[in-house]
Amino acid sequence: GCQVSKGPCKQTQALTSCSNEGTQMTVEIHPKDTTPQLLKKLSFGKGPRRLPRLRGQDNKGFQRTEAPRPPGKKDLHAYPWDKSSLKSMPVDLQQFEKLDAYALKVDVKNSVEELVKALLKQTRTDLEKVRAIWMWICHHIEYDVVGYHNKSQLSSKPIDVLQMGKSICEGYAGLFEHMCSIAGIQCMKLSGHSKGNGYKMGQTFTGDSDHTWNAVYLDGRWHLLDSTWGSGAVDDSFTKFTFRYNEFYFLTHPALFINNHFPDNSNWQLLKPALTLKDFENNMLHNSNFYMLGLLTAHPETAVIQTVNGKASVSVDCRSATLFTFKLKGTDEHGLMTLKKHGMKLDLYPQKTGSHKLQIFAKPFKASDVYNCVLEYVVECKSVDKAMRFPKDLHQPVGPSWFTERQGFLRPSHSDPIIHTNDGRCSVTFTLGKDISVLASLHCDSSSLTEDMGRRHIMQIHRGNQIELKIHLPHAGNFVLKIYARKKSDPGNYDYIFNYLITCLNTEVKWPAFPQSYSKWVEDYEILEPLSSLLPANRNVQFKLKMHGIAKVLVQAENAYPLTQSRGYWEGTCNTSGCREVFVMVHENANHSFYSHVLKYEVESQ
């Protein structure tokens with residue numbers, strides 16, 4: 001049988017035990033100098049029995065626990081995870097809100113029995129009892145980093161853990177087991193290997209177990225939980241503990257719990273089929289953030305990735321809109337991450353051979369939270385693809401996605417993150433789903449492309465709610481096309497939205513910038529010719545501009561050349577002899593006597 005309760009040894013001590021058949025016996029131990037009271041009953045019988053009163057207190061809510069049965073077929077869950085739930089039984093966290101708040105406020109440190117009695121005042125079901133105990137321990141017992149390093153000074157006895165308010169995993173699990181026993185809940189303390197603090201990817205596990213957790217029996221099935229990891233985290237140097245409640249480790253689905261908990265007794269995996277230690281060592285570590293953020297699967301499923309021809313790929317599937325970023329050896333320069341409707345894809349091109357640590361971070365869309373690390377890999381690179389060296393200005397993720405759609409950029413002409421051009425020219429179009437102003441700029445690692453010139457190699461053309469970005473590259477190479485936007489009703493700064501990578505291998509490419517425009521150039525005006533800002537000297541140059549709401553248009557060179565309006569276009573010819581600059585000027589109102597500059601061209605030196 002199992003020992004149910006053990007009162008403190010004052011005048012008498014009562015030990016109660018029960019067999020698997022339900023027989024109960026109480027034995028009292030009396031000090032030598034007292035006379036036994038032979039009036040206590042000795043009871044035998046089947047079925048549930050009340051415990052004797054604990055320390056003279058009302059015993060309401062305390063029932064004896066049956067002897068824990070070993071896990072059987074009905075306890076097992078299918079492996080791999082079926083993606084249905086993070087928990088091993090239906091749990092409505094909203095229904096726990098009042099109970100959780102109550103449990104956190106209970107302040108009893110003199111006795112475990114008194115603590116349990118106080119916690120159970122607001123509980124009705126076994127699940128609520130377990131929840132109250134769990135919440136109290138996770139918020140009141142801190143990890144003893146000093147005791148971890150000096151175990152000779154450490155006690156894991158439940159009363160010592162309670163009164164000290166700190167312990168290591170053995171103490172957390174022991175206190176949890178003892179409190180459950182008092183509350184009449186079957187509970188087991190389990191030990192095994194864990195992928196916790198100090199775990200190195202791909203490491204093997206040998207020797208004694210290094211962690212302790214619990215199993216509780218609820219609704220006819222065994223369930224797993226870890227109050228140590230539910231309470232918070234220790235820093236990398238193992239010198240400081242921080243309370244940081246983690247819901248994930250309460251009644252965790254066994255197919256997820258096995259990610260970082262491998263019990264000494266494989267039956268306590270509660271899985272069908274059970275995993276081998278080798279499986280546990282090789283499997284990808286998905287930490288609790290991975291699942292709490294609604295992520296489902298990651299590929300590849302092994303912790304070490306080998307590059308093929310200098311490239312490695314990772315993908316993540318998720319339930320809801322999630323933003324991702326990554327670090328390969330501390331930087332995000334050597335990859336292309338694209339957001340998918342239900343996840344992300346990452347192509348990596350390490351620029352050095354050897355082993356590289358890859359970290360992937362995520363956060364929910366609309367959350368102001370910081371990104372949380374959800375995955376770690378080791379990328380083994382045997383060869384480098386130098387052609388896939390990306391500009392430093394490339395920002396992750398790359399290319400259009402559900403995120404850019406939500407910012408108002410619909411139906412992109414280029415859905416891929418990379419745009420290839422042979423002649424150095426390309427055009428990107430969108431339908432604007434919001435009333436926004438757009439700003440675009442071109443960047444490369446070459447210092448010859450200043451911020452101002454980077455904008456002038458892009459021309460915006462608006463037709464209704466359609467926008468076209470016409471790009472002429474100044475030379476061959478890899479470029480970043482950055483796109484910003486702001487609400488027209490908001491006069492503030494532009495917000496960065498996304499970027500493309502534009503590549504051109506043709507070394508003969510050398511496109512001049514587009515003409516410089518001024519504030520009077522309205523966004524739905526359009527230049528049809530000349531597109532180049534550099535005009536030939538001593539030549540007649542044809543002009544064709546699409547502008548509306550204008551009274552007169554003048555091209556000012558050495559002489560002034562008026563343009564004539566025909567079917568919505570202003571057309572005419574200008575001679576570039578004898579001048580270095582050419583301006584297009586408009587007369588907005590026939591009643592005004594002055595012209596406004598809208599465009600500026602330069603003339604080639606003779």
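The dialogue below takes up a pocket, a helix contact and some backbone angles.

Analyst: This is a predicted model, in which local features need pLDDT of at least 70 and side-chain atom pairs count only at pLDDT 80 or more, while totals for chains, interfaces and linings use all residues. Residues are numbered from 1 along each chain as its sequence is written, and side-chain values use heavy atoms, with hydrogens and water left out.

User: How much space lies in the largest pocket, and which residues lie nearest its centre?

Analyst: Rolling a probe the size of a water molecule over the atoms shows where empty space is left. A pocket is an open set of points on a 1 Å grid over the protein atoms alone, where a 1.4 Å probe fits and protein lies on both sides within 12 Å along at least five of seven lines; lining residues have an atom within 4 Å of a point. Here the largest pocket holds about 1800 Å³, counted as the space filled by probe spheres set on the points, which are joined across faces, edges and corners. Its lining has 48 residues, with Lys195, Gly196, Asn197, Ala233 and Val234 nearest the centre.

User: Which strand gives the largest share of that lining?

Analyst: Strands (E, at least two residues) and helices (H or I, at least four) are DSSP runs numbered from the N terminus. Strand β21 gives the largest share, 6 residues, and domain 1 (93-254) and domain 2 (291-381) each supply at least three, the bounds coming from an automatic or database domain assignment.

User: Which residues of α2 meet α6?

Analyst: With contact meaning heavy atoms within 4.5 Å, Val112, Glu113, Leu115, Val116 and Leu119 in α2 meet Leu175, His178, Met179 and Ile182 in α6.

User: Where are the cis peptide bonds at Pro397 and Pro530, and what is phi of Lys83?

Analyst: Most residues other than glycine have a negative phi, and most peptide bonds are trans. A cis bond joins Gln396 and Pro397, with omega about -5 degrees, and Pro397 sits in the loop between β21 and α11. The bond from Glu529 to Pro530 is also cis, with omega near -10 degrees, and Pro530 belongs to the loop between β31 and β32. Lys83 has a positive phi, near 65 degrees, in the loop between β4 and α1.
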